[in-house]
Amino acid sequence: MHGTAGAPPEVALRSLDTLWFQVGGTLCNLACTHCFISCSPTNHTHEMMRLEQVRRYLREAVELGVKEFYFTGGEPFLNPDMEAILAATLAVGPASVLTNGLLLDAARCARLAAMAEASPYSLDLRVSLDGYDAASNDAVRGAGTFERVLAGLRNLAAAGLNPVVTVTEVCAEAAVDSGKQRFFALLAGLGLTRPRLKVLPVFKIGAEAKRAGGYESWQRLRDGELQPAALDVPAVPGASAAPGAPAPETAWDHLQCSSCRMVTDQGVWVCPILVNEPEARMGETLADALGPYPLRHAACWTCHVYGVSCRT
Ligand code: SF4
Ligand code: SF4
């Protein structure tokens, strides 16, 4: 960590372990009310990435020793190159796709399962839900989406794939055991016999800031003001490292920007959260983006306080 008193702390990139791709750009077939990057069918802030562009970054990533690859958007499966991109990725490392589940028909799930079977690396799917019934989910994600997501989850289960289902804390019940049990029961009923659930805090930016309000002025990190060990804020259940995980090695190792970068069609950003912040762009190539980054954005406060990681 570097920095001067009053200035935001800077986080060094300890090692580039995880590379994210904003492969769906900011284009989505939904416009969820809590989307922290305000994705929608008409948001072209970032366009979809093409196979050749992804391949260039994969080559550089392999040279730099990247260990795993994540794909997000927007909705990755809107991208016509997505399956070819996954095939190229699974030749060099494990891949995870964050999807809203609406484009997971039986044929696609069968192709994904075949791809996973053929690769020496793992393929993980993450599917978003915001409630264990249509009323709560559809209020956030749009009318009719609950049933469509369940159909996608059933197709994954039938193909032998076991996705991680992610729920944000907009669904308050997901943070308590009784609520989690209802999710587990729902997923088991879809054929997911080993259901996996990840609960994420919300970032109060983008559409979410309009829905529920943005950050307060005090919710900022300043060098020397906060030390992780001094905080007495419980992590959102399921949002941080698994119980029993090793303690962070340095004060900022719990932040994913100490071990990741995000690639979009417009270059390399510090992390998956700040892709709408022009100042979070670090360069054109991964080599340009290996330096430290100042935690000047309010969203950094959420990462720090909740120990949140977008990784599975
Ligand atoms: S939260 Fe996910 S599914 Fe919803 S609009 Fe944003 S990218 Fe799309
Ligand atoms: S938003 Fe989180 S991951 Fe991104 S730079 Fe800030 S602390 Fe790091």
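**Ligand 2**

I began with the shell around ligand 2: by class it has eight nonpolar, one polar and no charged residues. For the classes, Ala, Val, Leu, Ile, Met, Phe, Trp, Tyr, Cys and Pro count as nonpolar, Asp, Glu, Lys and Arg as charged, and the others, Gly among them, as polar. The shell consists of Q256, C257, C271, I273, L274, Y293, L295, C300 and C303, where near means a heavy atom within 4 Å of the molecule. Ligand 2 takes up the space of the second largest cavity. A cavity is a set of points, on a 1 Å grid over the protein atoms alone, where a 1.4 Å probe fits but cannot get out. A molecule sits in one if more than half of its atoms lie within 2 Å of its grid points.

**Ground rules**

I noted that this is a predicted model, in which local features need pLDDT of at least 70 and side-chain atom pairs count only at pLDDT 80 or more, while totals for chains, interfaces and linings use all residues. Residues are numbered from 1 along each chain as its sequence is written, chains are lettered from A and ligands numbered from 1 in the order in which they are written, and side-chain values use heavy atoms, with hydrogens and water left out.

**The whole chain**

I looked up pLDDT (the predictor's confidence in each residue, from 0 to 100): its mean for the protein chain is 89, and 88% of the residues reach 70 or more. Over residues 228–248 pLDDT stays under 50, and there the model has 30 contacts (heavy atoms within 4.5 Å) beyond four places in sequence. I found eight helices and 11 strands in the protein chain; these are DSSP runs numbered from the N terminus, helices being H or I with at least four residues and strands E with at least two. Of the 312 residues, 54% count as buried. Buried means under 20% relative accessible area, exposed over 50%, and partly exposed in between (1.4 Å probe, protein chains only).

**Ligand 1**

Which residues are around ligand 1? I listed C28, L30, A31, C32, C35, C39, G74, N100 and R141. They divide into six nonpolar, two polar and one charged. The space taken by ligand 1 is the largest cavity.

I wrote down the background: most residues other than glycine have a negative phi, and most peptide bonds are trans. G73 and G74 are joined by a cis peptide bond, with omega at about 20°. G74 is in the loop between strand 3 (68–71) and helix 2 (82–90). S38 isn't a glycine, yet it has a positive phi of about 55°. I placed S38 in the loop between strand 2 (18–21) and helix 1 (51–64). S38 counts as partly exposed because its relative accessibility is 26%.

Is F71 buried or exposed? It is buried, because its relative accessible area is 0%. F71 is in strand 3, and its contacts include F21, V54, M82 and V97. F71 and R126 are 55 residues apart in sequence and 9.9 Å apart in space, C-alpha to C-alpha.

I found T99 in strand 4 (residues 95–99). T99 counts as buried because its relative accessibility is 2%. Among the residues it touches are E75, L104 and R126.

A107 is in helix 3 (residues 106–118) and counts as partly exposed, at 43% relative accessibility. From A107 to A159 I noted 52 residues in sequence and 9.2 Å in space, C-alpha to C-alpha.

Key
1 Å grid on protein atoms, 1.4 Å probe; cavity = no way out; pocket = protein on both sides within 12 Å on 5 of 7 lines; lining within 4 Å.
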